[in-house]
Amino acid sequence: MKRRGIVLLAFAIAGVNLVPLWLVVKQALTPERESFAWPPTWVPHELTLSNFSGAAEAVPLAQGLGLSVGVAVATVISTLALSLPAAWLAARREEVGSRLDGVVVAARLFPTIAIAVPLAVIFVGLGLYNDSSGAGLWLAHTLLGVPFAFLILRAAFRGVPAELEDAAQLDGASPWMTFVRVSLPLVRPSLGAAAMLVFLVSWDEFAYALLLQVTHRTLPPLLFYLSAFGYPGLSSAVAVLMLVPAVVILLLLEPALRSGVLAGSGR
Amino acid sequence: MANARLRNVTKRYGDGVALDDFSLDIEDGEFVVVVGPSGCGKSTLLRLIAGLDPLSAGEVHIGGRRVDELSPQHRDVAMVFQSYALYPHMTVRRNVEFPLQMRGMSKRDRRVRAEEVAELLEIGALLDRKPAALSGGQRQRVALARALVREPALFLLDEPLSNLDARLRTNVRQHIRDVQRQLGVTTLYVTHDQTEAMTLGHRVVVLDHGCTQMVAPPLDAYARPANAFVAGFLGAPAMNLLPGTIESDALVLAGQRVELPDALRASIVAWGPAVTVGIRPEAFASAQGGGGGAFVVHADPATIEALGSETLLASDTGGRRVLIRVPGGVAADLPPFSAPVSSFHFFSPADGRRLGP
């Protein structure tokens, strides 16, 4: 009896999440008049890709997609490059760890949209504002990504006994080789999880993307414009594009989430 | 293979001293066991020699080369950790080959060498498994193999048997001794187990509170402990240490007057009046008739622990508990037990120092 209750609850939660997802996919693949049909239809009557071509005509969709992917990938690389050494140090030296904790938490407390304005001013001076390759946005997203990656990786390094690193050094490994051959492989699942989460942080980011770029936009502000100007079909098409990596990452992360790799990593 | 010289090695943590002015010469091929209670500084000693912690003072020389300024990777020291510290993501083969790989040995030579060592330690069949799939004893042997594979100048072992069950411990203990003798590798072995201390090494170093108490071959340390601490630490059950008072021609021990034999009287009287008397539990035997010159106790039948090969008993004599150990069994009507003065050890009550030869 109890078990059936849990199953029903799971279906209810899944339903709440999946219904809008279904509607977005349906709206993206059907003509706009179907989106406005009353009473609403759940099953598409007529399938079309015209929303995608329409969105591409209305906004620079290909450029936006390229920029979104580029900025997200670059953000993952820079974030991990910064977070890995910091997280390792924090895990091995408690006094360093507690201090970095404060910085990381404080960084997460400020609303991004409030920081975006002064950041835009600074970037104008540095020539990074509205950069065609998204360099400014990349820096801003790295700031956002570091706390996530840091907390996940620190928890992972804490799970690696320091004696393994001692043993590697005695076995003749340099500190760098010890890190590469022993510590890093042992945190690989967490490293993968951190990379995917940081990718999504950048992929999904709106405030900086809106305020730091004007003509070279990533997908979230493009979607916002289409939606704000009343094109549910076109904006749904962009939304579906944005959902693809999210769904892929969700499926890839699922075993990690289940095994508790992210346990104790904050948030 | 090399000798090792430790000169005035000291480690301070804040206000505390973990290891105080430790000096020791280990000969090429020698097996030295460092023994002491937990917190005596023995693990600190290994970490200092290995270079995992910096020295506060002193010097470490291995094979005639001063190494205390070098990083661990350049000291040519191998260590077996209490936890074994096997790399969980590597197979046994890759674990054993790792030290060779770090030294740039070719893949082919590595393989040959790893298989030789695996043969020696009887882990040849396990080479393709991961550590998680091994039993405690197997992991232990892999850890030994990884440490020995590159023929280190100095081989350090940190309580390597403490995670094994009692039966396995006896086997592995003998195995470690055989392998060390076979390879002739200079070895420093740390333990709190006095059986290991007695059986493994050429010499034993007894450590307490960061200070060396005695350095000697194990049987010498057992036969003539340098002070009351060593006397109480080596040997199981522990040596009985009783306060005694020397009067003109006799020793008063736990309220009992023990005649001093003529041969020993003069020297013993000179140490008085207050002494600490050490009597090994195995110094007692069934008292045959009366006769002076012996300490006589009556054991409590309730304390009998019959182990078959020997029997352990205890006696409350003059408010002191005295442990007795006799071979075989004991008669149902317990005889008194006596230990002759010639078996006594004498220590200064003030500083625990051994008195006399």
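## Salt bridges within chain B

Asp68(B) has a relative accessible area of 12% and therefore counts as buried. This description rests on a predicted model. The partner of Asp68(B) in a salt bridge is Arg66(B), with the closest N and O atoms 2.9 Å apart. Arg66(B) is partly exposed, at 39% relative accessibility, whereas Asp68(B) is buried. In general, side chains of opposite charge can pair when their charged atoms come close.

Another salt bridge of chain B joins Arg113(B) to Glu116(B), with an N to O distance of 2.9 Å. Arg113(B) and Glu116(B) both belong to helix α3 (residues 107-120) of chain B, and because they are three residues apart there, about one helical turn separates them. Arg113(B) is buried, at 18% relative accessibility, while Glu116(B) is partly exposed, at 46%. A salt bridge also links Asp351(B) and Arg353(B), at 3.3 Å from N to O. Of this pair, Arg353(B) is partly exposed, with a relative accessibility of 46%. Over all chains, the structure holds 24 salt bridges.

## Confidence and overall form of chain B

The mean pLDDT of chain B is 91, and 99% of its residues reach 70 or more. Within chain B, confidence is highest in strand β3 (residues 31-35), where the mean is 96, and lowest in helix α9 (residues 262-271), where the mean is 82.

Chain B contains nine helices and 22 strands. Its C-alpha atoms fill a box of roughly 75 × 45 × 35 Å along the principal axes. Of its 357 residues, 51% count as buried. Among contacts in chain B between residues at least 6 apart in sequence, 65% join residues at least 24 apart.

## Cysteines without a disulfide

How many disulfides are there over all chains? The count is zero. A disulfide is a covalent bond between the sulfur atoms of two cysteines. To be counted, the two sulfur atoms must lie within 2.5 Å. The cysteine sulfur closest to that of Cys40(B) is in Cys211(B), 10 Å away, and is therefore too far for a bond. Cys40(B) is buried, at 1% relative accessible area, whereas Cys211(B) is partly exposed, at 28%.

## The interface of chains A and B

In this interface, 17 residues of chain A are in contact with 23 residues of chain B. The area buried between the two chains is about 1,800 Å², of which carbon and sulfur atoms give 59%. Leu170(A), Asp171(A) and Arg181(A) supply 41% of the area that chain A buries against chain B, more than any other three residues.

Ten residue pairs are in polar contact between chain A and chain B. Two elements, α8 (162-170) and α9 (175-186) of chain A, each supply at least two residues of the side of chain A that touches chain B. The element that gives the most to this side is α8(A), with seven residues.

Two salt bridges are found across the interface. Asp171(A) and Arg146(B) meet through their side chains in a salt bridge of 3.4 Å, N to O. Asp166(A), Arg47(B) and Asp53(B) are linked in a network of salt bridges.

## A helix of chain A

Helix α12 (residues 219-228) of chain A has several buried residues, namely Leu219(A), Pro220(A), Pro221(A), Leu222(A) and Leu226(A). After α12(A) comes Gly230(A), which has a positive phi, near 85°.

Definitions and conventions: Residues are numbered from 1 along each chain as its sequence is written. Chains are lettered from A and ligands numbered from 1 in the order in which they are written. This is a predicted model: local features need pLDDT of at least 70, side-chain atom pairs count only at pLDDT 80 or more; totals for chains, interfaces and linings use all residues. Side-chain values use heavy atoms; hydrogens and water are left out. pLDDT is the predictor's confidence in each residue, from 0 to 100. Helices (H or I, at least four residues) and strands (E, at least two) are DSSP runs, numbered from the N terminus. Buried means under 20% relative accessible area, exposed over 50%, partly exposed in between (1.4 Å probe, protein chains only). Contact means heavy atoms within 4.5 Å. Buried area is the accessible area (1.4 Å probe) that two parts lose on being put together, summed over both. A salt bridge is a side-chain nitrogen of Lys or Arg within 4 Å of a carboxyl oxygen of Asp or Glu. A polar contact is a pair of N or O atoms within 3.5 Å; within protein, one must be able to donate a hydrogen and the other to accept it, and residues adjacent in sequence count only if both atoms are side-chain atoms.
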